[in-house]
Amino acid sequence: MKRKWKEIFHSFDKRPTPSRCAILEVFEEGKRHLSAEEVYEQLRRKNKKVGIATVYRNLDLLSRMGILRRVNFGDGREHYELVQPSETHHHHLVCVNCGRVIDYSELMDEEREFLDRLEKELEKKHNFRIQSHQVYFYGLCKNCQ
């Protein structure tokens, strides 16, 4: 497990248990958006003895700690992705036919300015401090068009 994760665990007064480390290894290897069931299946393939309830509990903990980000693609399941400290903010393009997810981070200046203005207006209008946002675009990927 990478050193930065150990520091995060320490700051939350949590231990990097074998189950937590194994879950993080799955994300470090794949860099994909995984559901709890997919994480569980990958752990089983690696002969790791981790129950599905443990996977759910640890995914929740790791997302609350900011190591994983919870994402929802409208398929009825929560998915998770590894948060990279140096990562640029990104959005998701979701194919409604095959379920393919494309990370989209190439925001043009006009798009970035629009989102910044939108956040400021929403904060002002609703007296709400926005800490982050997620944008999903739904449509058909090039293979399904």
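The model is predicted, so local features are reported only at pLDDT of at least 70 and side-chain atom pairs only at pLDDT 80 or more, whereas totals for chains, interfaces and linings use all residues. Residues are numbered from 1 along each chain as its sequence is written, and side-chain values rest on heavy atoms, with hydrogens and water left out.

Confidence is a friendly place to start. The mean pLDDT (the predictor's confidence in each residue, from 0 to 100) of the chain is 87, and 94% of the residues score at least 70. Where pLDDT is low, the predicted coordinates should not be read in detail.

The secondary structure comprises 5 helices and 6 strands, where helices (H or I, at least four residues) and strands (E, at least two) are DSSP runs numbered from the N terminus. Read from the N terminus, the elements follow the order α-α-β-α-α-β-β-β-β-α-β. Along the principal axes, the C-alpha atoms fill a box of roughly 45 × 40 × 25 Å. Of the 145 residues in the chain, 31% are buried, meaning under 20% relative accessible area, with exposed set at over 50% and partly exposed in between (1.4 Å probe, protein chains only). Among contacts (heavy atoms within 4.5 Å) with a separation of 6 or more, 47% come from residues 24 or more positions apart.

The antiparallel strands β2 and β3 are joined by 5 bridges. Asn72 has Glu78 in β3 as its bridge partner, and Val71 stands opposite His79 in β3. β2 and β3 form a hairpin with 5 residues between them, and Gly74 in the turn has a positive phi of about 80 degrees.

Ser63 is in helix α4. With a relative accessible area of 15%, Ser63 is buried. Its side chain makes a polar contact of 3.0 Å with the side chain of Arg70, a polar contact being a pair of N or O atoms within 3.5 Å; within protein, one must be able to donate a hydrogen and the other to accept it, and residues adjacent in sequence count only if both atoms are side-chain atoms. A polar atom of the Ser63 side chain also lies 2.8 Å from the backbone oxygen of Asp60. Leaving aside neighbours within four places in sequence, Ser63 is in contact with Leu68, Arg70 and Tyr80.

The other open sheet of 3 strands has the order β5-β4-β6, with mixed pairing. Its edge strands, β5 (101-104) and β6, each pair on one side only. On average, neighbouring strands of this sheet are turned by 20 degrees against each other, direction ignored. The antiparallel strands β4 and β5 are joined by 4 bridges, and His92 has Asp103 in β5 as its bridge partner.

His91 is in strand β4 (residues 91-95). At 1% relative accessibility, His91 counts as buried. A polar contact of 3.2 Å joins its side chain to that of His133. Not counting residues up to four places away in sequence, His91 touches several residues, among them Ile102, Tyr104, Leu115 and Val135.

The structure also holds 2 aromatic pairs, that is, rings of Phe, Tyr and Trp (its six-membered ring) with centres within 6.5 Å; planes under 30 degrees apart count as stacked, over 60 as edge-to-face and the rest as tilted. The ring centres of Phe73 and Tyr136 are 5.8 Å apart and their planes stand at 85 degrees, so this pair is edge-to-face. The pair links distant parts of the chain, 63 residues apart: Phe73 is in the loop between β2 (68-72) and β3 (78-82), and Tyr136 is in strand β6 (residues 136-139). Phe73 counts as buried at 7% relative accessibility. Phe73, Tyr136 and Tyr138 form one aromatic cluster.

Conventions. Two strands pair if DSSP finds at least two bridges between them. Axes are lines fitted to C-alpha atoms, for helices over the stretch in contact, and angles run from 0 to 180 degrees between N-to-C directions.
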